[in-house]
Amino acid sequence: MLMHSDRHAGIGPLDPEARALAGRFPRGFAWGVATSAYQVEGAAHEDGRGDSIWDEFCRRPGAIKDGASGERACDHYHRLEEDIGLIANLGANAYRFSIAWPRVQPLGAGEWNEQGFDFYDRLVDGLLERGVAPYLTLYHWDLPQALQESGGWANRDTVERFAEYAVEVGRRLGDRAASIATHNEPWVVAILGHEAGNFAPGLKSQKVAMQVSHHLLLSHGMALQALRAERCVAPLGIVLNQAPVHAASNSPEDLARARLDDGLTIRWYMDALLHGRYPEDVLEFLREDAPQVAAGDLDAIRQPLDFLGINYYTRNLSGTGTPLAPVDHGREVTDMGWEVFPGGLTELLLRLQVDYRLPPIYVTENGAAYRDRLVDGRVADAERIRYLHRHIAAMADALEGGVDVRGYFVWSLLDNFEWADGYTKRFGIVFVDYATQRRTLKDSALWYRAFCRAAAAVTPSTTEGRNHGR
Ligand code: FCB
C-alpha cells in the first residue's frame with residue numbers, strides 16, 4: 001500500500017531556487033529514478049530464477065553487515081504494478097533498472113526462462129504505458145552462480161556467455177528499451193569483488209581483479225558488436241562509477257598516489273573504452289598483476305558508444321598516509337561516510353570532456369543515504385533534498401560548460417538492499433518498511449516530483465541557445 005504524505009505541510013510547492021534550476025535544463029531531458037534487480041526484486045528462488053553470486057555471498061557468515069540477503073528485498077517482483085505506479089506518480093519520465101541474468105537464464109548458459117522474461121516484459125510495457133522510458137542495464141552484479149563455479153569473470157568463457165545473454169535480451173526487449181547499458185560499475189565488480197573481497201564473489205587477489213576488469217570490458221565490447229550485428233535498435237553504452245581523485249596533501253608522494261588512483265579508477269576504463277589502450281603508468285604499477293590481453297582485445301573493447309553513464313556520489317581523496325575519513329576533517333558526510341562534494345561532478349564531467357571525445361552523457365546514479373525515520377507517516381529528509389539540489393545544480397554547470405548531458409537518475413527509487421551493508425543504509429526517496437513492505441514517499445520524493453513537474457513545464461524558449469552549449 002502506498003502512503004502519500006503530501007498532506008504534510010513541510011514540502012509545499014517547489015521553492016523558487018529549485019524552479020529556476022529546473023529551467024536550466026532542456027526539454028526532453030530524462031529525469032529518472034534508478035534501482036537494480038538484486039537490490040529490490042526479492043523472489044530470489046521463484047519462477048525458475050537461478051542462484052546468483054550475491055545469493056551465495058549472502059550465505060557467508062559475516063559477509064553482510066546485518067546478516068541479510070536479497071531473498072525478499074523490496075518484494076518488487078510481486079509489487080510490480082504498485083511500483084510502476086509509484087514511478088509514474090513521481091512524475092519521472094525515465095526509470096533505470098537491471099535484468100537479473102539468473103532470472104532469465106538460470107545457469108548463465110543454455111536454457112532461457114520464459115517466466116523471467118515475462119516479468120521484464122510486464123515491467124517494460126507497464127512503464128511505456130505510463131509514459132516512462134525504460135533504461136535497461138544488463139549486469140548489475142548478479143552473475144549466475146553456475147558461471148562462478150567455472151571461474152566467473154576470471155574465466156574468459158564468461159565473456160562469450162555474456163555476449164549471448166546480451167543478444168537474447170536485445171532480441172526480446174531492445175525494441176522497447178530507451179537504452180541498454182552492458183555493465184554497471186565494472187571497477188566495483190573487479191576490485192570490490194575480487195581484490196578487496198567485500199562484495200561477491202569475495203576474492204582477494206589484485207591479479208585476478210585486473211583480469212576480471214579486462215574480461216568485463218571485453219564482454220562489453222563483444223556484447224555491443226553482437227547486438228549491433230543483430231540490428232538492435234536501442235542506444236548502447238556502459239555505466240561507470242567515476243569521481244575526481246584529489247591528493248590528500250601537496251606532498252609529492254600523495255600527488256603521485258592520486259595520479260595512480262586516477263589511473264586505476266578513471267583512465268583504466270575510459271582509455272580502454274574510448275582510446276583502445278590501457279594507461280602505461282597503471283600497467284607499470286601492476287607489473288605481473290597486469291591482465292593477459294589477447295591480440296585484438298582492445299579493438300574489441302573500443303566500440304562506438306551511443307551514450308556513457310556516470311554514477312557520481314563523492315570525490316576520492318587519496319594519499320600514502322593513514323587514510324582519514326572525511327568526517328575527521330570536519331567535512332559534511334552522508335550516512336555512508338561519503339563526503340558531500342557536488343563540485344566534483346562538474347569537475348569530473350568537464351575534465352572527461354577535455355580528455356575524451358564523449359558520447360552523450362547520463363548521470364545514471366546520484367543520491368545519498370541518511371538515517372531516515374518514519375514519524376507519523378512522514379520522512380523529513382531535508383538533507384537529501386539539499387544533496388539532490390546541489391548535485392543537479394552541479395550537473396547544470398557542466399551542461400552549460402558544454403557537456404552533452406541528457407539525463408539524471410536518482411539513486412534510488414526505494415530504500416533497498418545496499419550490498420554488504422544489507423538494509424542498514426537507506427538511499428531511497430521512497431521509504432520502505434521492510435516488515436510490511438509499505439512504501440511512503442519521503443519529503444525528497446515530494447520535492448523531486450515537484451522538480452520533475454517544473455522541468456516538464458519548461459518551454460523550449462527558456463532553454464533555447466543553452467541546449468548543450470552547441
Ligand atoms: C553504486 C551501486 C548501486 C548502489 C549505490 C549506493 O555503486 O551501483 O547499486 O549500491 O552505489
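1. By class, which residues make up the shell around the ligand? The shell has five nonpolar, three polar and three charged residues, where Ala, Val, Leu, Ile, Met, Phe, Trp, Tyr, Cys and Pro count as nonpolar, Asp, Glu, Lys and Arg as charged, and the others, Gly among them, as polar.

2. This is a predicted model, in which local features need pLDDT of at least 70 and side-chain atom pairs count only at pLDDT 80 or more, while totals for chains, interfaces and linings use all residues. Residues are numbered from 1 along each chain as its sequence is written, and side-chain values use heavy atoms, with hydrogens and water left out.

3. Among the residues that surround the ligand are Asn-184, Glu-185, Tyr-313 and Trp-411, a residue being near if one of its heavy atoms lies within 4 Å. For polar contacts (pairs of N or O atoms within 3.5 Å), a polar side-chain atom of Gln-39 lies 2.7 Å from a ligand oxygen atom, and a side-chain N or O atom of His-140 is 2.8 Å from an oxygen atom of the ligand. For Glu-365, the corresponding side-chain distance to a ligand oxygen is 3.0 Å. The protein buries 94% of the 290 Å² that the ligand exposes when taken alone, by the Shrake-Rupley method with a 1.4 Å probe.

4. As for the fold, eight strands, in the order E2-E3-E4-E5-E6-E8-E10-E11, close into a barrel with parallel pairing; strands are DSSP runs of at least two residues, and two of them pair if DSSP finds at least two bridges between them. Strand E8 (residues 307-311) joins strand E10 (residues 361-366) over four bridges, and Ile-310 has Val-363 as its bridge partner in E10.

Definitions and conventions. Polar contact = N/O pair within 3.5 Å; in protein donor to acceptor, adjacent residues only side chain to side chain.
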